[in-house]
Amino acid sequence: MYEERVTIWKAQSMDEAIERAETEAIEYCSDLDEVEYVRYSEAYQFDGAPEDGAEVFSLMRESNRTPEEYVRRFFATGEERTGSL
């Protein structure tokens, strides 16, 4: 089971944001049984405070897959644990 998380950090640089996120990820995983941080983080910078509809993460990936294949490969594999709010 892998969990992908998006967290928000106020930082002076991308390096600082990554460092803070990694520290938090290690602490987060230490509170859970048999969970480890896979040591992979990305940062995304945005200006201003997050407001309604603000983009807080963006990933662009080139692929020759059809839209359906792409979604099945990277997002909707059937193995996700999802719920509703």
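At 86% relative accessibility, Glu-34 counts as exposed, a class that requires over 50% relative accessible area, whereas buried means under 20% and partly exposed in between, with a 1.4 Å probe and protein chains only. Glu-34 lies in the loop between H1 and H2 and, although not a glycine, has a positive phi of about 55°. The model is a predicted one, in which local features need pLDDT of at least 70 and side-chain atom pairs count only at pLDDT 80 or more, while totals for chains, interfaces and linings use all residues. Residues are numbered from 1 along each chain as its sequence is written, and side-chain values use heavy atoms, with hydrogens and water left out.

Arg-39 is likewise placed in the loop between H1 and H2, the helices being DSSP runs (H or I, at least four residues) numbered from the N terminus. Arg-39 is exposed, with a relative accessible area of 60%, and has a positive phi of about 60° although it is not a glycine. The C-alpha atom of Arg-39 is separated by 8.7 Å from that of Ala-25, 14 residues apart along the chain.

The structure holds one salt bridge, defined as a side-chain nitrogen of Lys or Arg within 4 Å of a carboxyl oxygen of Asp or Glu. Arg-5 forms this bridge with Glu-24, the closest N and O atoms being 3.0 Å apart. The pair links distant parts of the chain, with Arg-5 in the segment before H1 and Glu-24 in helix H1, 19 residues apart. Arg-5 is partly exposed, at a relative accessible area of 36%.

Val-6, Ile-8, Tyr-44, Val-56, Phe-57 and Leu-59 make a nonpolar surface patch of about 490 Å², where a patch comprises residues with over 30% relative accessible area and no salt bridge, nonpolar side chains (Val, Leu, Ile, Met, Phe, Trp, Tyr) being joined within 5 Å and like charges within 9 Å. Accessible areas come from the Shrake-Rupley method with a 1.4 Å probe; for residues, only the protein chains shown count as cover. Leu-59, in the loop between helix H1 (14–30) and helix H2 (67–74), is partly exposed at 39% relative accessibility.

H1 gives the most to the lining, with nine residues.

Terms used:
Helix = DSSP H or I, 4+ residues; strand = E, 2+ residues; numbered from the N terminus.
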